[in-house]
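Let us read a structure together, going from whole chains down to single residues.

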Amino acid sequence: MILRLAFGSLMARALTVGMTILAIALSVALFLGVEKVRTGAKASFADTISGTDLIVGARSGSVQLLLYSVFRIGSATNNLTWESYQDIAARPEVDWIVPVSLGDSHRQFRVMGTTPEFFDRYKYRSGQSLALQDGQVMNDLFDAVIGADVAATLGYTVGDPIVVAHGLASFTEHDDQPFRVSAILEKTGTPVDRTVIVSLQAIEAIHVDWQSGAQIPGQSTPADVLRQMELEPQAVTAALVGVKGRLQVFGLQRSINEYPEEPLLAILPGVALQELWQIVGIAETALVGVSAMVVVTALIGMMATIFSSLNERRREMAIFRAMGARPRVILGLLVLEAILMAALGAILGLGLLYVALFIGQPLIDSAFGLWLPIEPPTLREVWVLLGVIAASAIVSMVPAVRAYRMSLADGMIVRI
Amino acid sequence: MPEANPILHLKDVRYRWPGRASFGLNVPDLSLAKSETVLLLGESGSGKSTLLSLICGTIIAETGRISVAGTDIASLSAGTRDRFRAEQIGLIFQQFNLLPFASVHDNILLPLQFAPERRKRVADLKVEATSLCQHLGLPDDVMTARAGALSVGQQQRVAAARALIGTPPLIIADEPTSSLDAATQATFLELLFAQSRAHGTTLLMVSHDARLSSQFDRVINMADIATSERGAT
């Protein structure tokens with residue numbers, strides 16, 4: 001009955017209490033939302049590549065290599081020569097190797113040259129393979145396989161023509177060598193969704209008539225002639241490597257890093273990801289800190305609401321005292337009230353978060369390529385919610401102690 | 001002469017409000033017998049509310065003894081005193097003091113939350129509360145209504161039901177009829193007396209309306225039982 005009375009008292013002040021609950025709910029939703037984005041981003045990054053033991057590229061930073069080769073963020077400062085690539089491919093430890101050639105684009109999407117083996121070897125989300133939504137993997141030199149987001153954003157279907165632009169954000173196009181969409185990939189939630197995949201030879205083919213970043217005036221080799229040509233790349237941007245035995249990874253990594261012919265870098269994707277988290281760790285902590293402060297602000301707002309209601313509720317407290325309630329019951333009532341408000345706020349906040357996730361999931365995915373899964377609250381999130389409720393109980397002690405003192409002074413008779 | 005085994009007995013009680021040296025209350029002797037109905041008359045500022053607070057134990061006399069149902073309330077710890085008040089005293093206030101947001105049912109049963117012995121005397125809480133409401137002339141469907149939604153007369157009857165439930169030996173009513181019109185006042189008092197008699201409860205009612213005197217077993221003037229130094233209650 002005391003719980004019912006505390007709830008009834010809250011309902012009697014529905015507007016102010018509602019506002020307080022809404023403030024707590026929004027702050028909780030923000031905090032959990034930041035957590036979702038943070039963990040979602042980590043999971044999304046971690047899920048992007050699996051089954052690849054090493055990524056090899058020109059010597060730069062390991063994070064930089066990971067970002068441009070896997071996440072299509074930034075650009076390579078140098079390439080890996082085809083000879084070096086073949087040397088690595090010929091090493092006995094190497095089980096498989098897939099080249100990645102980046103540099104061109106189509107509209108806002110990166111174009112990646114690779115071999116058909118990419119579709120077998122590239123794994124994401126704990127070993128899942130790429131699957132085709134429609135069409136089939138490159139049969140012709142000018143076939144292109146597009147990611148699900150490319151198809152959705154540009155409205156492409158199998159058979160549609162694609163003109164690749166030279167470089168990134170360039171106005172110069174390889175319009176004399178158009179591609180054709182041969183397949184559309186299923187959604188993966190990885191950068192592959194936003195990639196146009198062509199063969200490594202196709203990348204060479206569209207650059208046959210190019211020199212120093214510009215097309216040689218008046219020169220345009222017909223597509224049929226290109227199809228007959230022996231197109232061997234000079235260099236690739238990076239290579240994804242699978243090793244026969246786990247124990248050989250570090251030996252191979254060391255020998256690639258000490259490769260005498262050219263400065264190369266071999267990285268373990270997981271280790272590079274950890275380095276990336278360390279770099280963004282400060283910003284991440286700051287973001288969590290700011291959202292936690294918003295929760296604290298909402299709780300202080302709740303404390304202020306309880307404080308401001310104390311005077312108008314002196315009669316209510318006096319009635320409880322007259323009926324035999326000890327002052328500590330008054331204290332307990334106010335703490336219970338705060339717990340109820342915080343609990344309602346936490347539940348509402350969780351609800352708001354899921355509504356926002358439901359609405360925002362596809363938008364965030366298409367805008368940022370970040371797939372935020374809609375899953376039941378994690379144990380950590382449950383602890384956060386319980387923490388908010390516990391913090392509300394602690395914060396409410398301040399007005400509760402004041403109410404306790406007021407009820408001691410007022411006793412059972414208050415004439416207001 | 002004090003009655004044998006009085007339900008309420010004050011002897012040589014002296015109280016002075018802290019920080020208000022100009023006002024004090026002295027009650028040399030006051031006793032109320034079981035089942036007695038007593039009207040306590042007094043002007044504003046005569047110390048009536050102070051006397052009620054002393055009897056209820058929310059303030060403690062500097063000297064003297066106040067016993068309710070044979071227990072010296074000053075000898076109890078603060079917590080025990082609160083519980084003792086809930087067990088032994090039913091209170092009706094001038095301004096009803098119901099929880100407006102709570103149902104009539106919850107308002108009536110509120111004192112039993114803090115008085116386990118009094119609660120034990122009620123076999124079925126809902127039946128007893130409903131029965132009291134019926135005897136006090138409240139409609140059958142009133143139990144689920146919010147107290148704040150009732151008329152003034154109905155609220156006062158709910159306040160009476162709250163004081164009567166669990167049959168506490170002493171009921172203190174602090175000017176309970178001052179907000180009621182003459183007709184409602186008479187009906188309310190009639191019902192209160194009937195219930196008080198039915199349960200053998202002692203009734204101490206404070207008022208400044210001497211016209212009510214004839215309805216009580218005994219009338220006490222504050223001026224006769226207490227001396228107060230000037231001030232306001």
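The dialogue below takes up one feature at a time.

Q: What kind of model is this, and how are its parts numbered?
A: This is a predicted model, in which local features need pLDDT of at least 70 and side-chain atom pairs count only at pLDDT 80 or more, whereas totals for chains, interfaces and linings use all residues. Residues are numbered from 1 along each chain as its sequence is written, chains are lettered from A and ligands numbered from 1 in the order in which they are written, and side-chain values use heavy atoms, with hydrogens and water left out.

Q: How many helices and strands does chain A have, and how many are there in chain B?
A: Helices (H or I, at least four residues) and strands (E, at least two) are DSSP runs, numbered from the N terminus. Chain A has 13 helices and 16 strands, while chain B has 8 helices and 10 strands.

Q: What does the radius of gyration say about chain A and chain B?
A: The radius is taken over C-alpha atoms, and the globule rule is 2.2 Å times the number of residues to the power 0.38. For the 233 residues of chain B the rule gives a value near 17 Å, and the chain has 17 Å, which agrees with a compact globule. For the 416 residues of chain A the rule gives a value near 22 Å, but the chain has 31 Å. Along the principal axes, the C-alpha trace spans about 100 × 45 × 30 Å in chain A and about 50 × 40 × 35 Å in chain B.

Q: What percentage of the residues is buried in chain A and in chain B?
A: Buried means under 20% relative accessible area, exposed over 50%, and partly exposed in between (1.4 Å probe, protein chains only). On this scale 51% of the 416 residues of chain A are buried, and 58% of the 233 residues of chain B.

Q: Where is A:Thr195 found, and which residues does it contact?
A: A contact means heavy atoms within 4.5 Å; a polar contact is a pair of N or O atoms within 3.5 Å, where within protein one must be able to donate a hydrogen and the other to accept it, and residues adjacent in sequence count only if both atoms are side-chain atoms. A:Thr195 is found in strand β11, residues 195–199, and is buried, with a relative accessible area of 0%. Beyond four places in sequence, its contacts include A:Arg110, A:Met112 and A:Val145, and its side chain is joined to that of A:Arg72 by a polar contact of 3.1 Å.

Q: Which residues does A:Leu268 touch beyond four places in sequence?
A: A:Leu268, in the loop between β16 (264–267) and α10 (269–310), touches A:Asp53, A:Leu54, A:Val249, A:Phe250 and A:Gln253. A:Leu268 is buried, with a relative accessible area of 16%.
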